[in-house]
Amino acid sequence: MSATQILNTSPLAATSQTWSLTNSSGVSVVVLDASSNPPSPTQQLFDQTLSWLTTADLLNTIPPRTTKTIPLPAAQLDDNGLPIDLTLILADAQTLAPLKVVDLPALNPAPATELTEADLTASKQAQEFVKTITAFPSSSLVTDYLKALDDPDPTALPAFFAATTDFKQVSLELVVAFQTYFNRFPFYLTGYTTARSFYLYSSDGTTNRYAGSVVLQNQSTAPSSVPNAIEGLEAMYVTTNGADYIPLSYVDGQFVDDPNSASPDYCLRGLFMLRSDLTKLDTDTDIMPLVWGRVNGQTVFGYDVKQEKAKVKTSLENTQSLSAIDDDDPLDDPKNQPSGFSLDALIHPRTTQDKLILSGMVVGGVIVVGILGTAAYFLIKWLSRNSPMTPKQIQAKNQEIREQNRVRRQATLDKIGARVEIQLDTTSTLAEIKTRGNELLINDNKLKVNDMLKAQRTICDILNDLGTNVSLTEMYTTIDSLAEKVETLDVSELSEGTAMKSLMGDVNLNMAKVLAKYVSLKDNLQGANADMARTAESKLLKTNNEITNNEKTRKYLQEDTIPDIPELVEG
């Protein structure tokens with residue numbers, strides 16, 4: 001991957017001032033100088049040129065459980081002639097992921113610093129916090145975080161983190177560090193491993209289509225400079241036929257084919273989501289990465305797992321272990337999909353189209369949350385360098401900083417061509433994400449209920465061919481009645497959980513009757529009819545489980561809560 005010059009590689013002029021760093025942790029670390037002159041509200045921490053500091057004995061890295069002396073750069077003066085304090089990032093020597101942010105006085109003796117295992121825990125928690133607020137942008141966790149950012153009481157934000165269950169050791173500077181780190185380096189999308197592929201899909205509302213893939217290969221080992229790190233990771237877009245590829249650059253949080261273009265043909269951005277939102281399996285409770293953006297005019301999203309066929313249990317007692325796509329369904333076979341592998345068995349094309357639109361809104365919401373965090377971080381540092389100000393002046397400065405960041409991020413987002421306007425009004429932005437997410441799940445459930453009714457009708461039709469002694473009139477009548485009911489129920493009615501519960505009660509009651517009749521007669525079925533009936537049975541059970549999963553997700557949305565997520569194991 002080509003990279004712009006983002007590191008000052010020439011030796012820095014140093015004063016006689018030195019700094020002692022004790023690395024008490026079990027990982028090797030590097031020290032990055034993230035000081036800027038003049039301090040920029042739109043370029044914080046990793047969003048700027050970084051300088052790599054070496055030790056007095058000329059080491060680039062500080063090994064575990066050692067103490068090193070580091071010569072510090074000469075103090076710089078801002079436009080007002082005031083010395084600029086040093087902002088240093090202690091980063092993982094392998095991935096440059098931030099472990100701790102240290103502020104040192106520019107002129108006074110620098111206090112010794114220790115990196116501990118507790119610091120590593122705080123770093124891990126901060127990374128998980130950023131992933132979580134990205135995956136659940138309309139949750140109460142996000143709204144409470146934003147309230148704390150807006151609170152003039154300096155104890156509000158530490159109190160917010162302390163009150164959480166999983167993020168007690170997180171600080172604002174670590175949150176901003178990871179948000180800017182994700183903008184600078186795409187290692188998080190590889191899971192910090194050597195390679196990962198994202199399979200892209202698009203939809204016109206009628207058909208889900210495979211749109212190629214993005215392949216990431218990380219060749220970097222313990223980089224000796226920031227460019228060395230990013231150049232060690234290669235990214236490419238691979239066409240649908242797998243024969244051609246286009247190199248991609250990672251710029252400002254996005255993969256693009258032309259880093260100098262205001263409207264590149266290929267532009268993709270990383271996001272996070274709960275894996276069960278894709279697979280519809282209760283057991284998939286981890287947060288997974290995905291990419292979203294544009295490929296040659298098509299809006300696409302991509303996952304790091306290809307939608308392969310897998311076995312589906314047909315036992316009525318095993319609805320929780322159903323796979324995403326039927327092995328027996330010929331429509332799921334790639335060779336029967338001339339335009340590429342279809343996800344229709346998992347995600348209805350209309351739902352896919354809605355999800356692509358919603359993903360754009362989520363990107364806008366995530367960027368807003370990042371803007372507000374970055375602005376708050378800069379404001380705190382700015383206030384420490386300026387004369388006391390009135391609350392009104394502070395508010396005006398805060399709005400100015402936020403607007404500067406909005407303009408910059410809007411220009412970045414416009415490259416995707418998503419027609420998403422970044423709004424600093426978080427209340428309306430996040431509420432719209434929540435509303436659209438709820439509507440998407442309801443409409444998806446309506447489509448899935450229809451799929452269940454069609455599968456019931458398929459089984460009835462097959463059984464009906466056995467002869468006139470098979471009584472199916474009541475089941476046919478119920479299927480027709482429920483299909484009509486599904487069409488008449490609108491989103492507002494189905495938003496109430498009781499309405500969907502009542503509908504599914506009727507659908508499942510008829511399903512039980514259809515399957516009971518099928519079990520009693522299936523030994524009489526032969527050949528293609530037997531295969532079709534088994535496939536329909538599998539679809540019934542699988543789709544029922546997917547609807548249940550959607551309703552659980554809607555519950556999280558409505559209650560602004562986040563499901564229990566196990567500790568993420570990288571790679």
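Student: Is K100 buried, partly exposed or exposed, and what is its relative accessible area?
Tutor: In this predicted model, where local features need pLDDT of at least 70, side-chain atom pairs count only at pLDDT 80 or more, and totals for chains, interfaces and linings use all residues, K100 is partly exposed, with a relative accessible area of 22%. Buried means under 20% relative accessible area, exposed over 50%, and partly exposed in between, with a 1.4 Å probe and protein chains only. Residues are numbered from 1 along each chain as its sequence is written, and side-chain values use heavy atoms, with hydrogens and water left out.

Student: Which residue does K100 form a salt bridge with?
Tutor: K100 pairs with D119, and their closest N and O atoms are 3.3 Å apart; a salt bridge here is a side-chain nitrogen of Lys or Arg within 4 Å of a carboxyl oxygen of Asp or Glu. D119 is buried, at 16% relative accessible area.

Student: Where do K100 and D119 lie?
Tutor: K100 is in strand β7 (residues 98–104) and D119 in helix α1 (residues 117–135), so the pair ties together parts 19 residues apart in sequence. Helices (H or I, at least four residues) and strands (E, at least two) are DSSP runs, numbered from the N terminus.

Student: How many salt bridges does the structure hold?
Tutor: The structure holds 10 salt bridges, including one between K513 and E474 at 3.0 Å, N to O. K513 lies in helix α12 (residues 497–521) and E474 in helix α10 (residues 473–488), so this pair ties together parts 39 residues apart in sequence.

Student: And is E474 buried or exposed?
Tutor: E474 counts as exposed, at 52% relative accessibility, while K513 is partly exposed at 35%.
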